[in-house]
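Try each task before you read its solution.

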Amino acid sequence: VICGRSNEEIQILKNAYFKRYNQDLANLVSSELSGDNKMLHLACLQGMEEKYDPRHHSLYKAEEVAKTFYKNGEGRWGID
């Protein structure tokens, strides 16, 4: 329900949750989840989705980023 939403949808969700339960949704997520799952959902709740821009979101850019990930992660215990 949380991840994959637009910034506007995240804000609507957070406002509706607070209005109904008088509690911040991020606080609930933080108390109920842990580890990577917690970090993922808290990041999604920050509403940091980047709007689509065809000048930036292109096949060329995707290939460039994929090559960077591969180069920095190959043969290592993580990425830089």
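**Exercise 1. Fold inventory**

How many helices and how many strands does the protein chain have? Give their order too.

*Solution.* Keep in mind that this is a predicted model. Start by counting: the protein chain has four helices and zero strands. Then read from the N terminus on, and the order comes out as α-α-α-α.

**Exercise 2. Overall dimensions**

Compare the radius of gyration of the protein chain with the value for a compact globule of 80 residues.

*Solution.* Step one is the reference: a compact globule of 80 residues would come in near 12 Å. Step two is the chain itself, at 17 Å. Step three, look at the box along the principal axes: the C-alpha atoms fill roughly 45 × 35 × 15 Å. Now for burial and surface. Of the 80 residues, 11% are buried, and the chain exposes about 6,800 Å², with 56% of that coming from carbon and sulfur atoms. Finally, check the contacts with a separation of 6 or more: 38% of them link residues 24 or more positions apart.

**Exercise 3. The core**

Which residues make up the largest nonpolar core?

*Solution.* List the members: Ile 2, Ile 10, Tyr 17, Leu 25, Val 29 and Leu 45, six residues in all. Next, assign them to helices: α1 (7–21) and α2 (25–32) each supply at least two residues of this core. Then follow the contacts of one member, skipping neighbours within four places in sequence. Ile 10 is in contact with Ile 2, Arg 5, Cys 44, Leu 45 and Gly 47.

**Exercise 4. Val 29**

Is Val 29 buried or exposed?

*Solution.* First, the location: Val 29 lies in helix α2. Second, the accessibility: Val 29 counts as buried because its relative accessibility is 7%, and the cut-off for buried is under 20%. Third, its contacts, again leaving aside neighbours within four places: Ile 2, Lys 38, His 41, Leu 42 and Leu 45.

**Exercise 5. Two loop residues**

*Solution.* Take Asn 22 to begin with. Its place is in the loop between α1 and α2. At 62% relative accessibility, Asn 22 counts as exposed. Now look at its backbone: phi is positive, about 55°, although Asn 22 is not a glycine.

On to His 56, which is found in the loop between α3 (35–45) and α4 (59–73). Its relative accessibility is 32%, so His 56 counts as partly exposed. Not counting residues up to four places away in sequence, His 56 touches Glu 50 and Lys 61.

**Exercise 6. Charges**

How far apart are the mean positions of the positive and negative charges?

*Solution.* Count them: the protein chain has 11 positive and 12 negative charges.

Notes: Residues numbered from 1 in each chain as written. Predicted model: local features only at pLDDT ≥ 70, side-chain atom pairs only at ≥ 80, totals over all residues. Heavy atoms only, no water. Core = buried A, V, L, I, M, F, W, Y, C linked by side-chain atoms within 4.5 Å. Buried < 20%, exposed > 50% of the residue type's maximum accessible area, 1.4 Å probe, protein only. Contact = heavy atoms within 4.5 Å. Rg over C-alpha atoms; globule rule 2.2 N^0.38 Å. Areas by Shrake-Rupley, 256 points an atom, 1.4 Å probe, with all protein chains shown as cover. Lys, Arg positive; Asp, Glu negative; His and termini not counted. Charge placed at Lys NZ, Arg CZ, Asp CG, Glu CD.
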